[in-house]
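Me: I have a model open and want to learn how to read its features. Can you take me through them in turn?

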Amino acid sequence: MAYYSVLAVTPTSEDWIPDYIGPANRLVAQYGGKYLARTASHSQLEGEESSAALRIVIEWPSKEAAEGFMKDADYAPHLAARTKGSNSFHFLIEGKDDLA
């Protein structure tokens with residue numbers, strides 16, 4: 001079953017970004033992930049304002065793939081840099097409909 005990472009990222013520093021993109025792209029692909037959206041072009045349609053500079057959606061083939069990516073030793077320094085240099089929120093969503 002597919003899983004989806006949904007992120008809201010607002011950089012507080014851009015120092016980490018050039019060194020982040022290449023390794024993140026490679027590791028997402030290594031774990032079978034596919035970027036569906038990485039964009040600053042977004043708008044909020046409902047609820048209390050929750051701003052973010054970037055919205056990112058990644059499709060994963062499984063929960064294990066998403067968690068493997070997040071725990072990968074090669075990703076650890078890049079995750080630490082992103083965490084230090086941004087306000088980030090990351091949700092992992094199972095691709096199913098519990099209300100059907």
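Predicted model: local features only at pLDDT ≥ 70, side-chain atom pairs only at ≥ 80, totals over all residues.

Me: How many bridges join β1 to β3?

Reply: Strands of a sheet pair through backbone hydrogen bonds, either parallel or antiparallel. Two strands count as paired if DSSP finds at least two bridges between them. β1 and β3 are joined by 7 bridges and run antiparallel. Tyr3 stands opposite Trp60 in β3. β2 and β3 also run antiparallel, with 5 bridges. There, Tyr35 stands opposite Ile58.

Me: What is the strand order of the open sheet?

Reply: The order is β2-β3-β1-β4, 4 strands with antiparallel pairing. β2 and β4 (86-94) are the edge strands, each pairing on one side only. From one strand to the next, the twist averages 15 degrees.

Me: Which strands does α1 lie across?

Reply: Axes are lines fitted to C-alpha atoms, for helices over the stretch in contact (heavy atoms within 4.5 Å). Angles run from 0 to 180 degrees between N-to-C directions. α1 lies across β1, β2 and β3, at about 155 degrees to β2.

Me: Where is Pro61 placed?

Reply: Pro61 sits in the loop between β3 and α2. Its C-alpha atom is 6.4 Å from that of Tyr3, 58 residues apart along the chain. Beyond neighbours within four places in sequence, Pro61 contacts Met1, Ala2, Tyr31, Gly32 and Gly33.

Me: Why is Pro61 called partly exposed?

Reply: Because its relative accessible area is 45%. Buried means under 20%, exposed over 50%, and partly exposed in between (1.4 Å probe, protein chains only).

Me: Which residues are closest to the centre of the largest pocket?

Reply: A pocket is an open set of points on a 1 Å grid over the protein atoms alone, where a 1.4 Å probe fits, with protein on both sides within 12 Å along at least five of seven lines. Lining residues have an atom within 4 Å of a point. The largest pocket holds about 300 Å³ of space. Of its 23 lining residues, Tyr20, Ile21, Tyr35, Arg38 and Ile56 are closest to the centre. α1 supplies the largest share of the lining, 6 residues.

Note on methods. Residues numbered from 1 in each chain as written. Heavy atoms only, no water. Points joined across faces, edges and corners; volume = space filled by probe spheres on them. Helix = DSSP H or I, 4+ residues; strand = E, 2+ residues; numbered from the N terminus.
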